[in-house]
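Below are some points for a colleague going through this model.

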Amino acid sequence: MASNDEIRILTPSGMLGYGFPVDHFKMGLALKPHAITIDSGSTDSGPQKLGLGEMTCSREAYVKDIEVLLEAQHETKIPVLISSAGGDGTNLHVDAFRDIIAEIANKRGWHFKLASIYADIDKAHISRELRAGRVEPLGPVPPLDQREIDAATVVVAQMGAEPFLKALDESEGVDVIVSGRAYDPSPTAAMAIRAGFDPALAWHMGKIMECGALCAEPVGRNVMGYLRRDHFEIEPLNPAERCTTASVAAHTLYEKTHPFLLAGPGGTLDLSSCKYEQVTDRRVRVSGSRFEPAKHYTVKLEGAKTSGYRSIFIAGARDPIFIAQIDKILDGVLAGTRAYFAEVPEESYRIIPHLYGKNGVMGDLEPVKTPAHELCIIVEVAATTQALATAICGKARTSLMHSPYPGRIATAGNLASPFTPLEIPLGQACEFNVYHLMKIDSPTALFPIKYEEI
Amino acid sequence: MAIVDTPLSAIAKVIRSKNAGPFEITLDIVFKTKEDFEAVRKSGVITKELVSQLYNVPTQNIITFGFFDLVNAVKITLPRPRPQGGVGETDMHAAQQHVPLQEIRVPWEAQ
């Protein structure tokens with residue numbers, strides 16, 4: 001257990017499954033941390049994880065990282081806390097991580113006391129809370145309705161520190177915790193709060209460490225946090241990296257709505273009066289973090305639904321006479337394609353051209369209006385079945401390939417196609433459709449815990 | 001010393017864009033020094049109105065806009081043009097939406 005004066009936390013990486021330098025991790029272990037925490041959650045790579053049950057990284061990548069963590073646990077006996085299993089933190093992926101841990105333990109002859117914390121939220125519960133006026137959009141999101149709850153494949157909630165505290169308290173000496181969707185700093189905050197340290201500092205240190213050594217220059221993976229009574233210190237483990245007051249202060253800008261006000265489960269972290277001091281040329285001391293408890297505890301709900309099937313074609317264009325008229329030619333081709341599929345309800349499918357070399361990245365916001373000398377044309381079709389999406393895509397491609405246009409002298413074909421299949425089926429499309437705050441009365445009741453020895 | 005209109009890309013340390021959750025995009029302009037930060041702030045060039053025009057977002061829809069002293073940075077958060085990763089997405093991570101900020105020109109002492 002931590003001493004009264006300091007708790008040390010080791011975080012090997014900002015994302016489980018991306019890999020991390022094991023030599024630096026071992027340097028961290030030599031500093032005798034009280035816990036290892038690592039997050040694997042993110043909505044950043046898209047809605048298909050929640051929508052289709054995919055994981056952020058491959059199972060093989062998780063096995064590789066988790067084996068290093070379990071070996072450290074086996075040798076040092078300090079707890080390992082893994083949050084947001086699989087990226088989306090669904091029950092499915094908590095169990096997938098649990099199975100990986102059991103498989104490694106079995107193979108290596110290791111034994112662990114494991115707590116699995118689940119974060120799928122019963123849809124009937126969400127519906128009741130919605131009707132009771134206890135569910136609100138989070139930011140520029142449409143209000144939730146029953147149709148969207150029904151359409152979501154699964155809905156998870158981001159847990160705070162409390163379920164981790166409960167798992168640590170209820171089980172005499174838990175070795176490994178795998179959690180479903182959690183607010184990223186929760187595992188680190190839970191360890192520090194449990195040892196009696198200031199929750200504001202605990203959340204702030206967790207907020208920085210959940211990204212690994214992203215707070216360093218240059219950015220890295222393994223990072224060590226030292227939390228004390230009235231401050232914490234942060235230092236990367238790679239000797240080639242350093243934390244500076246600027247790099248640590250600026251880290252909270254990254255991917256956040258606001259630089260100083262960070263809302264999470266149960267309250268808001270306020271960093272507006274923090275002090276950052278350079279302790280050594282690689283270590284920074286932080287103090288002055290504040291935590292404002294919310295009037296009513298809320299958790300963030302996340303969910304995604306499937307929305308039909310997509311197919312694309314990818315083609316190049318190099319002829320300047322064609323490129324100069326591309327918008328007009330495409331309009332004609334798409335109108336012709338829609339007319340050809342007149343029997344398909346128009347609102348049931350979409351055709352979306354992406355014109356790289358013109359405005360493929362920024363769309364209507366693109367400030368440069370002159371196209372480049374060559375274009376990459378991707379036409380995306382979303383329809384109710386894969387076969388229909390591919391058929392519409394194929395019609396659009398062949399029409400664009402052979403479309404006449406004013407001044408055409410290259411009469412054999414308009415497109416340079418790099419790949420077969422010429423039309424590429426992409427499978428199901430997904431869409432985030434739940435991103436709301438729900439009031440809760442107990443910070444632990446919605447997150448059941450399963451204990452076992454493996 | 002001659003004053004010339006200079007793009008922010010030649011002044012700032014960091015100009016970047018990224019998702020802040022699936023429904024927001026956030027833009028950071030971080031300056032090398034407090035002096036640069038203050039000089040850009042005093043120029044009065046970076047305003048909500050300019051952001052509104054560059055990103056085609058009504059000013060009242062801008063979620064965060066401010067000059068933040070502690071980090072020598074301008075932070076801007078906007079609604080995403082579409083929910084992240086759905087049909088029609090062009091930039092899953094919203095990592096390449098910063099370019100219009102690079103082109104903002106402020107009166108600056110010529111080097």
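1. Two residues are taken to be in contact if their C-beta atoms, placed from the backbone, lie within 7 Å. On that basis, A:Phe164, A:Leu165 and A:Leu168 of H7(A) meet A:Ser186, A:Pro187, A:Ala190, A:Ile193 and A:Arg194 of H8(A). The residues of this contact divide into six nonpolar, one polar and one charged, where Ala, Val, Leu, Ile, Met, Phe, Trp, Tyr, Cys and Pro count as nonpolar, Asp, Glu, Lys and Arg as charged, and the others, Gly among them, as polar. Helices (H or I, at least four residues) and strands (E, at least two) are DSSP runs, numbered from the N terminus.

2. This is a predicted model, in which local features need a pLDDT of at least 70 and side-chain atom pairs count only at pLDDT 80 or more, while totals for chains, interfaces and linings use all residues. Residues are numbered from 1 along each chain as its sequence is written, and chains are lettered from A and ligands numbered from 1 in the order in which they are written. Chain B averages a pLDDT (the predictor's confidence in each residue, from 0 to 100) of 95, and 100% of its residues score at least 70. For the complex, the predictor gives an ipTM of 0.92 and a pTM of 0.93.

3. How is the helix pair of the first point arranged? Helix H7 (residues 162–170) and helix H8 (residues 186–194), both of chain A, pack with their axes 8 Å apart and at an angle of about 55 degrees; axes are lines fitted to C-alpha atoms, for helices over the stretch in contact, and angles run from 0 to 180 degrees between N-to-C directions. H7(A) is therefore oblique to H8(A), since angles under 35 degrees count as roughly parallel, over 145 as roughly antiparallel, 65 to 115 as roughly perpendicular and the rest as oblique.

4. Between the chains, 36 residues of chain A are in contact with 35 residues of chain B. The elements giving two or more residues to the chain A side are helix H10 (245–251) and the strands E15 (298–317), E16 (350–356), E17 (375–383) and E18. E18(A) supplies the largest share of that side, five residues. By class, the side of chain A that touches chain B has 18 nonpolar, ten polar and eight charged residues.

5. Two cis peptide bonds in chain A deserve a look. One runs from A:Glu217 to A:Pro218, with omega near -10 degrees, and A:Pro218 is found in the loop between helix H9 (199–209) and strand E8 (223–227). Another joins A:Thr420 and A:Pro421, with omega about 0 degrees; A:Pro421 lies in the loop between helix H13 (386–402) and strand E18 (423–439).

6. In chain B, B:Asn72 has a positive phi of about 50 degrees although it is not a glycine, and its place is in the loop between strand E4 (64–68) and strand E5 (73–79). B:Asn72 counts as buried because it has 24 C-beta neighbours inside 10 Å (buried means 20 or more other C-beta atoms within 10 Å of the residue's own, exposed 12 or fewer, and partly exposed in between, with C-beta atoms placed from the backbone). B:Ala94, also not a glycine, has a positive phi of about 55 degrees and lies in the loop between E5 and helix H3 (99–102) of chain B; with 25 such neighbours, B:Ala94 counts as buried.
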